[in-house]
Amino acid sequence: MVEEGRLIRRTLSVAEVVRELPARYQPLALAVRERIPKEFVVLAAHECTARGRRFIHVVMKNPEGKTVSLILARREAGESFANSALRNVGGVFRESAPRFAMAGFEAGAYLAFVISDLDLAANEQLAGLLAEPVRRWAS
């Protein structure tokens with residue numbers, strides 16, 4: 001939940017997650033909640049703008065306190081993970097940075113990113129879980 005530009009850290013019910021998003025994204029939020037591990041909680045779901053680009057942002061946390069973000073941005077002309085420096089592992093593109101792991105996949109007209117402070121393998125596994133319902137929603 002975003003309130004005056006800050007993230008409110010509390011567990012949202014599925015109904016609250018759905019209400020935070022525009023109607024066209026509500027089925028996506030339900031599909032994400034159904035696919036993530038049961039022990040994960042959804043902290044926020046909202047539409048954002050950064051550097052002039054709109055995207056959907058779903059923030060989750062696992063029982064160990066690790067934060068996971070699912071970000072969906074509408075593709076712009078010529079954008080593709082195939083054109084990136086990310087490593088392709090079975091259709092999920094991945095990379096790690098000192099504190100974060102990133103996995104991405106293409107879903108119709110969207111680029112999807114799973115960014116977390118999980119280890120690279122766990123982040124990639126979660127991206128793999130989310131790819132199918134996100135792609136189904138985007139088709």
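Helices (H or I, at least four residues) and strands (E, at least two) are DSSP runs, numbered from the N terminus. This is a predicted model, in which local features need pLDDT of at least 70, side-chain atom pairs count only at pLDDT 80 or more, and totals for chains, interfaces and linings use all residues. Residues are numbered from 1 along each chain as its sequence is written, and side-chain values use heavy atoms, with hydrogens and water left out.

**View A. V59 sits in strand β4 (residues 53-61).** V59 has 3% relative accessibility and so counts as buried (under 20% relative accessible area, 1.4 Å probe, protein chains only). Leaving aside residues up to four places away in sequence, V59 touches V41, V42, L43, A44, T67, V68 and S69 (contact: heavy atoms within 4.5 Å). S69 is ten residues from V59 along the chain, yet their C-alpha atoms are separated by 4.6 Å.

**View B. Y25, Y110 and W137 form one aromatic cluster.** Here come the two aromatic pairs found in the whole structure (rings of Phe, Tyr and Trp, the last by its six-membered ring, with centres within 6.5 Å; planes under 30 degrees apart are stacked, over 60 edge-to-face, the rest tilted). Y25 and W137 are tilted, at 5.5 Å centre to centre and 35 degrees between the planes. Y25 lies in the loop between α1 (14-20) and α2, 112 residues from W137 in helix α3 (residues 120-138). Y110 and W137 also make a tilted pair, with centres 5.1 Å apart and planes at 50 degrees. Y110 belongs to strand β9 (residues 110-116), and is buried, with a relative accessible area of 6%.

Terms used:
Buried < 20%, exposed > 50% of the residue type's maximum accessible area, 1.4 Å probe, protein only.
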